[in-house]
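Here is a friendly briefing to read with the model open beside you. Please take a moment to look over the fold and the sequence before going on.

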Amino acid sequence: MKLLKQSIACFVAVFVISGAVLAGTANITGTAYVTLGSSEVSEKSDGSNIQEYTNSGVWVQEGMPEGFPSKLVANCKGTTVYSAEWANRGDSFICVATDIDGDGFVNAGGASNPDFSDCHAETVAGWGKYADVTQTVQCHFVENITQNTFILKWTGEFTTP
């Protein structure tokens, strides 16, 4: 009987420990290589401008937990309000990212500082292996490659259940 109780206790301990290893938060970094799809700017009566845009790109994330590919493709759309001097007054975007297995997630984010220094995003939905994952990231512009191609980077947390 004592052996049976010890075996059950051991089994439960292994199950709990293995579950704890699977769950957790990873610190990630990411780079997006983005191509502008469309951009429409309309000037408002007060001199401000509203830009509606779409873009697509390849995202490379480092530090991902085992089982989550580091490369994804993403399609984004957003709206930015600029002052008459073209300083950011507010930007919001939504991106749908998909990995090689067809699993993915939706990130929503934005920035309100004139220089976009408060850029941020978080996962709001996911499917497949990303169904219960949460991500929060801080993002920033790196450089233009061409007039319609640019690089973004981010750092953040990727949490699995």
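A disulfide here is a pair of cysteine sulfur atoms within 2.5 Å. With the bonded cysteines numbered in sequence order, the chain pairs them 1-2, 3-4. This is a predicted model, in which local features need pLDDT of at least 70, side-chain atom pairs count only at pLDDT 80 or more, and totals for chains, interfaces and linings use all residues. Residues are numbered from 1 along each chain as its sequence is written, and side-chain values use heavy atoms, with hydrogens and water left out.

**Overall make-up**

- The chain holds 1 helix and 8 strands; helices (H or I, at least four residues) and strands (E, at least two) are DSSP runs, numbered from the N terminus.
- Reading from the N terminus, the order of elements is α-β-β-β-β-β-β-β-β.
- Of the 161 residues in the chain, 34% are buried, where buried means under 20% relative accessible area, exposed means over 50%, and partly exposed lies in between (1.4 Å probe, protein chains only).
- Among contacts in the chain with a separation of 6 or more, 49% are between residues 24 or more positions apart, a contact being heavy atoms within 4.5 Å.

**The barrel**

- The strands form a closed barrel of 8, in the order β1-β2-β3-β4-β5-β6-β7-β8, with antiparallel pairing.
- On average, neighbouring strands of this sheet are turned by 30° against each other, direction ignored; the axes are lines fitted to C-alpha atoms, for helices over the stretch in contact, and angles run from 0 to 180 degrees between N-to-C directions.
- Two strands count as paired if DSSP finds at least two bridges between them.
- Which strand does β1 (residues 24-43) pair with over 12 bridges? The partner is β8 (residues 149-160), in the antiparallel sense.
- Within that pairing, T35 has T149 of β8 as its bridge partner, and I28 has G156 of β8.
- A hairpin of 2 residues connects β7 to β8.
- As background, strands of a sheet pair through backbone hydrogen bonds, either parallel or antiparallel.

**The nonpolar core**

- A nonpolar core is a set of buried Ala, Val, Leu, Ile, Met, Phe, Trp, Tyr and Cys residues joined through side-chain atoms within 4.5 Å.
- The largest such core has 24 residues, and W59, W154 and F158 touch the most other members.
- At least two residues of this core come from each of β1, β2 (49-62), β3 (71-82), β4 (88-98), β5 (104-111), β7 (134-146) and β8.
- Leaving aside neighbours within four places in sequence, the contacts of W154 include I28, T31, W59, V137 and C139.

**A closer look at F105**

- F105 sits in strand β5 and is buried, at a relative accessible area of 1%.
- The C-alpha atoms of F105 and A74 are 9.5 Å apart, while the two residues are separated by 31 residues along the chain.
- Beyond its neighbours within four places in sequence, F105 is in contact with residues including W59, L72, C95, W127 and Y130.

**The disulfides**

- How many disulfides does the rule give? The count comes to 2.
- One joins C76 and C95, with sulfur atoms 2.1 Å apart.
- The C76 and C95 link is right-handed, with 110° about the S-S bond.
- C76 lies in strand β3 and C95 in strand β4, so this pair ties together parts 19 residues apart in sequence.
- Both ends are buried: C76 has a relative accessible area of 11%, and C95 has 5%.
- Another joins C119 and C139, with sulfur atoms 1.9 Å apart.
- The C119 and C139 link is left-handed, with -80° about the S-S bond.
- This pair links distant parts of the chain, since C119 is in the loop between β5 and β6 (120-127) and C139 is in strand β7, 20 residues apart.
- C119 counts as buried at 14% relative accessibility, and C139 is buried with a relative accessible area of 12%.
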